[in-house]
Amino acid sequence: MIIRLQFSLHTAPKPPQNPNPNPRKLPQNLDGFIPLKTLTPTSPLLSKPYLSDPGLRFRQKLLYLENLKIDSSKALEKNPNFRSTSLNSLKSVIKCLYSMGIEQSDLGRIFGMLPQLLTADPYSDLYPVFEFLLNDVKIPSRDIRKCIIRCPRLLICNVSDQLRPTLYFLRRLGFVGSHAISCQTTLLLVSSVETTLLPKLDYLQSLGFSYKEVVRMVLRSPGLFTFSIENNFRPKVEYFLNEMEGDLSELLDFPQYFSFSLDGKIKMRHRLLVEHGFSLRLPDMLKISDGEFNDRLVEMRLRCVDGEFSFGFWLSWDNVV
């Protein structure tokens, strides 16, 4: 029996080479996230290989920032560590933000407020925040950018020490279901439970509201947690009780009162009403625009004049009869 041996002339395929021998992977729960935007700012100067001269490399970083509309002088002033960070590290931060939907037009404001982000580590500082927002808070990926734009400070908060404990506190308070934290209220997560949230709950209770009533107020108007006791609550409560002679039940029904400017809207409109002998419920007085308020004031004055005319006419007719 003859056994024929066949030899293939084709060589075995080479395994693909990894350009990065030690790649750093995204957190597991972000692997499937599809970036909303992928932008890579380029320019002839920035696409050149790293220059050997330290001064030129530093200049290259500054050009990169200016190309992104970021104030490089302010960045150096507020974050001196930026001077020694590499351009590749800086690019990794920008790439991380782009991958989560942040747009180039947002960078100037974000880094202007938080220049320390220029030297952040995406894998230990930034991706954990995005993972927390997506998986713990359940923010839809399309709304991640809105969260960051409304409150860039989220990016510099530690998840374990700050964000997660505050989320648990808010949920126990009642921020669940229809009141669950959303892209509109994620800014509450950067607040300290002990030094910010609890003192405001205590102050509102000190006015005479019960704990359940205060919880109802903050669920209806979460912005109450963002207002200062000394600069907002106290002067507005004093004006409401002393000048407007209001009843606390009105604040319970309309806690949004505290979101309006005391000098720019509350005092001005209340004084106009008093001047003409009128009064309005808080929502009717404050929720409408300046134009609508003036129109309503004119309408009330005309009705008052018409009423006086009709009353005077009937008095005269009675005298004639």
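Helix 8 passes helix 9 in a right-handed crossing, where right-handed means that the near helix is turned clockwise from the far one by less than a right angle. The contact brings together Leu-201, Leu-204 and Gln-205 of helix 8 with Tyr-211, Val-214 and Val-218 of helix 9, contact being heavy atoms within 4.5 Å. By class, this contact holds 5 nonpolar residues, 1 polar residue and no charged ones. The model is a predicted one, in which local features need pLDDT of at least 70, side-chain atom pairs count only at pLDDT 80 or more, and totals for chains, interfaces and linings use all residues. Residues are numbered from 1 along each chain as its sequence is written, and side-chain values use heavy atoms, with hydrogens and water left out.

Turning to the geometry, the axes of helix 8 (residues 193-206) and helix 9 (residues 211-220) come within 9 Å and cross at roughly 120 degrees. The two helices are therefore oblique to each other, the class left once angles under 35 degrees (roughly parallel), over 145 (roughly antiparallel) and 65 to 115 (roughly perpendicular) are set aside.

Thr-186 sits in the loop between helix 7 (159-173) and helix 8. Thr-186 counts as buried because its relative accessibility is 1%, the cut-off for buried being under 20% relative accessible area with a 1.4 Å probe, protein chains only. Leaving aside neighbours within four places in sequence, Thr-186 is in contact with Leu-133, Val-137, Ile-139, Cys-147, Leu-154 and Ile-181.

Leu-189, not counting residues up to four places away in sequence, touches residues including Leu-133, Val-137, Leu-154 and Ile-181.

Methods: Axes fitted to C-alpha atoms, helices over the stretch in contact; angles between N-to-C directions. Helix = DSSP H or I, 4+ residues; strand = E, 2+ residues; numbered from the N terminus. Nonpolar A, V, L, I, M, F, W, Y, C, P; charged D, E, K, R; others polar. Buried < 20%, exposed > 50% of the residue type's maximum accessible area, 1.4 Å probe, protein only.
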